[in-house]
Amino acid sequence: MRKLDGKVAVITGGATGIGYAAAKRFLDEGAFVFIFGRRQDALDTALASLGPSARAIKGSVSNEADLDRLYAVVKAERGTLDIVFANAGAGSPLPLGAITPEHIDETFDTNVKGTIFTVQKALPLMGPGGSIILTGSSAGTTGAPGFTAYSASKAAVRNLARTWAEDLKGTGIRVNVLSPGATATELAKEALGEEGQAVFASMTPLQRMADPAEIGAVAAFLASSDSSFMTASEVAVDGGLAQL
Ligand SMILES: NC(=O)c1ccc[n+]([C@@H]2O[C@H](COP(=O)([O-])OP(=O)(O)OC[C@H]3O[C@@H](n4cnc5c(N)ncnc54)[C@H](OP(=O)(O)O)[C@@H]3O)[C@@H](O)[C@H]2O)c1
């Protein structure tokens, strides 16, 4: 018996990076996985290697109609939903003094509003035993120069799990935040550059960045009944970066 046998999962941002690594791990553990993202080419590439127990739906977490379409497909094809990994996220640095309203809107639309509606719209399909995992970040607790919007948005995500653990009392649905540290993905490459990645690796007690599979493994733990007494937790998977 595998950890996620018979479970149905939605992973936003599931075509690349951490989301893709989690999709692979969920499939290995027996789940059926819907990945969701904006770029059709990235979805197609991911689906080609994920195989027949995965589906790809194109859309943005910032667009309510796209999320409605995602869950309509999940309902039509599987009838129910056990796991939501609200993982889609984005962020780039802008130093204090250069921050624009557009930069704030763009970051919060994806990381905060997108996370809220990804979860709220999933709830009618979920029931007891359900697990919601939100991707936070070590940036939600530490200070990082230039990351005002991103860090504040991830601090908001950290609170969502605590508030929703209250709102979900009595439903049997758990909600936790998984907060990665610096992880070797496209986002890290774009936001930090080669030099910034080296700096983050050297600041990390384990002296390296994470492989996305190391984050996917913890997502599978939080998705499964192995974490059945965990809700409202923030689980740091950051090589110690935000813990010292
Ligand atoms: N890498 C790190 O060091 C690190 C550290 C801490 C936390 N995180 C968090 O981990 C999560 C995954 O990021 P990653 O590092 O794996 O980078 P990534 O490979 O760039 O993944 C981000 C994913 O989110 C999707 N996405 C972005 N905006 C979206 C939107 N509006 N609607 C739907 N999907 C959207 C992207 O696909 P499309 O562009 O095709 O939509 C992409 O697949 C993010 O929440 C990020 O903040 C990353």
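The legends below walk through several close-up views of a predicted model.

In this model, local features need pLDDT of at least 70 and side-chain atom pairs count only at pLDDT 80 or more, while totals for chains, interfaces and linings use all residues. Residues are numbered from 1 along each chain as its sequence is written, and side-chain values use heavy atoms, with hydrogens and water left out.

**View 1. Helix α5 and its cover.** Let's start with α5, which runs over residues 148–167; helices (H or I, at least four residues) and strands (E, at least two) are DSSP runs, numbered from the N terminus. Its 20 residues reach 28 Å from the first C-alpha to the last, close to the 28 Å expected at 1.5 Å a residue, where the expected span is 1.5 Å times one less than the number of residues. Buried residues of α5 include Y150, S153, V157, L160, A161 and W164. Here buried means under 20% relative accessible area, exposed over 50%, and partly exposed in between (1.4 Å probe, protein chains only). The cover over the buried residues of α5 includes α4 (101–120), β5 (131–135) and β6 (174–180). As a reminder, an α-helix has 3.6 residues a turn, so residues three or four places apart point the same way.

**View 2. The shell around the ligand.** Of the 27 residues around the ligand, T16, R38, R39, Y150 and T185 come nearest; a residue is near if one of its heavy atoms lies within 4 Å of the molecule. Helices α1 (17–28), α5 and α6 (186–203) each supply at least two residues of this shell. By type, the shell divides into eight nonpolar, 16 polar and three charged residues. In this scheme Ala, Val, Leu, Ile, Met, Phe, Trp, Tyr, Cys and Pro count as nonpolar, Asp, Glu, Lys and Arg as charged, and the others, Gly among them, as polar.

View 3. A nitrogen atom of the ligand sits 2.8 Å from a polar backbone atom of V61, and a polar side-chain atom of S60 is 3.1 Å from a ligand nitrogen. At N87, a backbone N or O atom lies 2.8 Å from an oxygen atom of the ligand. The protein buries 95% of the 870 Å² that the ligand exposes when taken alone. A polar contact is a pair of N or O atoms within 3.5 Å; within protein, one must be able to donate a hydrogen and the other to accept it, and residues adjacent in sequence count only if both atoms are side-chain atoms.

**View 4. S227 in its loop.** Do look closely at S227, in the loop between α7 and β7. With 1% relative accessibility, S227 counts as buried. A polar atom of its side chain lies 2.9 Å from the backbone oxygen of F221. Beyond neighbours within four places in sequence, S227 is in contact (heavy atoms within 4.5 Å) with R174, F221 and L222.

**View 5. Two residues with positive phi.** Neither is a glycine, yet Q207 has a positive phi of about 65° and A232 one of about 70°. Q207 is found in the loop between α6 and α7 (212–223) and is exposed, at 53% relative accessible area. A232, in the loop between α7 and β7 (234–237), is partly exposed at 25%.

Technical notes:
Areas by Shrake-Rupley, 256 points an atom, 1.4 Å probe, with all protein chains shown as cover.
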